[in-house]
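Thanks for coming. I have one structure to go through, so please look at the screen.

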Amino acid sequence: LNPKVSAFQRRFVGEVRRCEEMEKTFTFLQQELRGAGRALGPCPEEPRAPLAREALRVQEQSEQLAQELREVSRNRASLRGRLRELRQYLHVLREGQRFTSLPAPLGSPPRARALSDREPILDPSLHQHLDRKINFVAGVIHPWRVSAFERLLWRACRGYLVASFVEMPEPMEDPATGETITWVIFLISYWGEQIGQKIRKISDCFHCHVYPYPESEASRADTMNGLHSQIQDLSVVLEETEQYLAQVLDKVVLALPTWRVQVQKMKAIYLVLNQCSFDVTEKCLIAEVWCPVRDLTQVQEALRQGSYKSGSSVECFVQRIPTSESPPTLIRTNKFTAGFQSIVDAYGVASYQEVNPAPYAIITFPFIFAIMFGDVGHGLLMFLFALWMVLCENSPSLRQASNEIWQTFFEGRYLILLMGAFSIYTGFIYNECFSKATVIFPSAWSVATMANHSSWSSAYLATHPSLTLDPNVTGVFRGPYPFGIDPIWSLATNHLNFLNSFKMKMSVVLGIVHMGFGVLLGVFNHVHFRQRHRLVLEFLPEMVFLLALFGYLVFLIFYKWIKFSAADSRLAPSILIHFIDMFLFTSNAGNLPLYRGQVPVQTVLVVLALASVPVLLLGTPLYLRCRRRAPRTGHHGPVATGDQEPLLEGQEAGNSVNATKEDVESGGHSPEAEHLDFAEIFMHQAIHTIEYCLGCVSNTASYLRLWALSLAHAQLSEVLWTMVMRNGFVRLSYAGGVVLVPVFAAFAVLTVAILLVMEGLSAFLHALRLHWVEFQNKFYVGAGYKLCPFAFAPDAGE
Amino acid sequence: MAYGGLTVPIIVMSVFWGVVGGVLPWLVPKGPNRGVINTMLVTCAVCCYLFWLIAILAQLNPLFGPQLSNETIWYLRYDWP
């Protein structure tokens, strides 16, 4: 409502910022939890959005906890660092003992351990011979730097030092990188002051930790004892610190989920409040909303309750105002219809109050899919998969999976269920179960009769690799198979000849019926928007055009099926050539007519269809123009805008806060606008006519994709059977049974991957295209926008 | 089973889908979903009946017969009635 006010000047910006700060604190707390390896549970119940003082309390508590956590973590880190240093020192002293102790040490055996690289160079006996004072530098160095360190020491202080290196018995953490490494302890004995300084500088360069190494045995032992007690104390303190940290983390785990939800709700509410504008007196907020008429009483109730709960003295109220904006579209769905509505909405949301194709799409979409997918076995697999999803739809593991592709399949589970069910039905009609035909009823074609009639002896059969059954012979063909396609066709080598003809005609018939149904749905629109003139001037010519040309084609198809049989198969006319000749007003001598008087009937139909085109083109614009010219006696426009009745008695209808005076008062059109309108209407109608007439032809051909995809599916499944599965049945021994297992595995994987997933997606896409383009462009406008009511979105985070 | 031509199947299927599309809608209990369920029943009946009808009419008067390999003929001659 306040588009002119910038985002930073809005009233509740401060509160929104506060919420964001709290969210930052929460993120920090969560990171700490994750670092400690704890998981955050989901929010147990649904907390309400907090009031202002509660929010303040939450903020204080969360900041206090964050502060405590930071301090304790810091303490712990420093304690651990100290402990590590002490332990390193202890090790240095202990290992150094071995190099500088007398032949009878205090516990460690004189034999060198396998760890040390070097023999103790400094022989204890030498100790007494040297007059000069020997100094020591002891420390710890990273194992990768040992050789470089040694080399540099040797080059720098040649001969005046003795260096020994040994690995530390236990690995310790590197403070910089955090990984555990086995450090190397070194002990350098030197004499001379300068050498000592050089050594210390070199050790600094190599980032070694240098520890003071006491000279005498006794002081070393003292230091070691001191270190031991220090380490023990420190470990105790560290343990206590860790316990305290665990307690703080426990508190966080308890409180954090609720706080997060509360703050999220608060933020959402403030964002919406920011969109309202203030009254002139700066005392109340005004918001303009779209609300369904049916829910008005609920809204009033909610406002009353809200005022009561927040304890304010003035009540909130609702008032209807007129507007010239077009309202949003709201279509209420349940969990079953939501999937179908979403595929319709994906193309375009229905304009306000126009007819919704979704209830019909619930059945026609899976049906058209099934025509392209028809196979009992594959349909059954799809149906069972969807059934499992539907039966387990309430399990949380299915609902909250993070995989997006799985979520898409799960949202469409009812769609897949119906697609599978219809595929089973069309699979029975096509008589295909994993590409094999089932003989539910005995086949109508009798091979025995044909063999007896034509005396096909075994010798004759041996010389002729393929023979055709002739339906002209009595008894060979006994009648149509009662349910679906005869199973003999799946054994025939010329089965595609028959199936192609059948499927092509089926696609054309179903396409024309689908499109005719689309045109019929337009009637609902015309009646609802009270544009009855469009019934006569648009619907009638459209129907005449469609039925005169393509309805007649359907009639020809059925007529030829019923009237022409094998007896006159040699002279059977071609429907396609008749259809083309109909348009060109010619005739072909070789193509016999289907019935007597065909040519005049066809001429009449073509003339009728051509006559309906100018009616469609000029009818509506001329009618609208004549009506505008007629004296206006309180004629209301065809589309009803918002109601003007006040919601509560005794209140006048107000106006929108943003509407200006001119908007409210401009009612009819000025004469110039009228002229412009006519050109626009005429242009619109011309486009519609061309689109419709040309579209009829091209869309009918487009429905042939039903044939194409079902042929592809049938051929693919046949290939999979003959080239994969059948090889498992070649050997009829026990070895063959073993071979069958991997062959079946390959067959199953390929069936699921190619036939179910790939073909399924392909057929889905084509069915969608047929609905969106060929069906919906006969009546659907789809220029609306959805009603997006305010709702607390569920936490999509961790 | 003796083939009854077109009459038996067409009567059975017409009655079946007629019941589904014409009788069941009256039996659906009143509720918010009644309209959708009725639409579904009628659309389903029309679609499935039309599809079956096309399949059986296409085979009513075949203009040519199936071409079989000699192995198939050897087998079917004695196996199928």
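Predicted model: local features only at pLDDT ≥ 70, side-chain atom pairs only at ≥ 80, totals over all residues.

Residues are numbered from 1 along each chain as its sequence is written, chains are lettered from A in the order in which they are written, and side-chain values use heavy atoms, without hydrogens and water.

Chain A and chain B bury about 5300 Å² between them, with 73% of it on carbon and sulfur atoms; buried area is the accessible area (1.4 Å probe) lost on putting two parts together, summed over both. Leu461(A), Pro480(A) and Trp561(A) supply 12% of the area that chain A buries against chain B, more than any other three residues. The contact (heavy atoms within 4.5 Å) takes 70 residues from chain A and 42 residues from chain B.

How many salt bridges does the rule find across the interface of chain A and chain B? It finds 0, where a salt bridge is a side-chain nitrogen of Lys or Arg within 4 Å of a carboxyl oxygen of Asp or Glu.

Now the helices, which are DSSP runs (H or I, at least four residues), numbered from the N terminus. The axes, lines fitted to C-alpha atoms over the stretch in contact, of helix 9 (residues 358–373) and helix 22 (residues 705–723) of chain A come within 6 Å and cross at roughly 50 degrees. In helix 9 of chain A, Ile368(A), Ile371(A), Met372(A) and Phe373(A) meet residues of helix 22 of chain A, including Leu706(A) and His713(A).

Note on methods:
Axes fitted to C-alpha atoms, helices over the stretch in contact; angles between N-to-C directions. Helix = DSSP H or I, 4+ residues; strand = E, 2+ residues; numbered from the N terminus.
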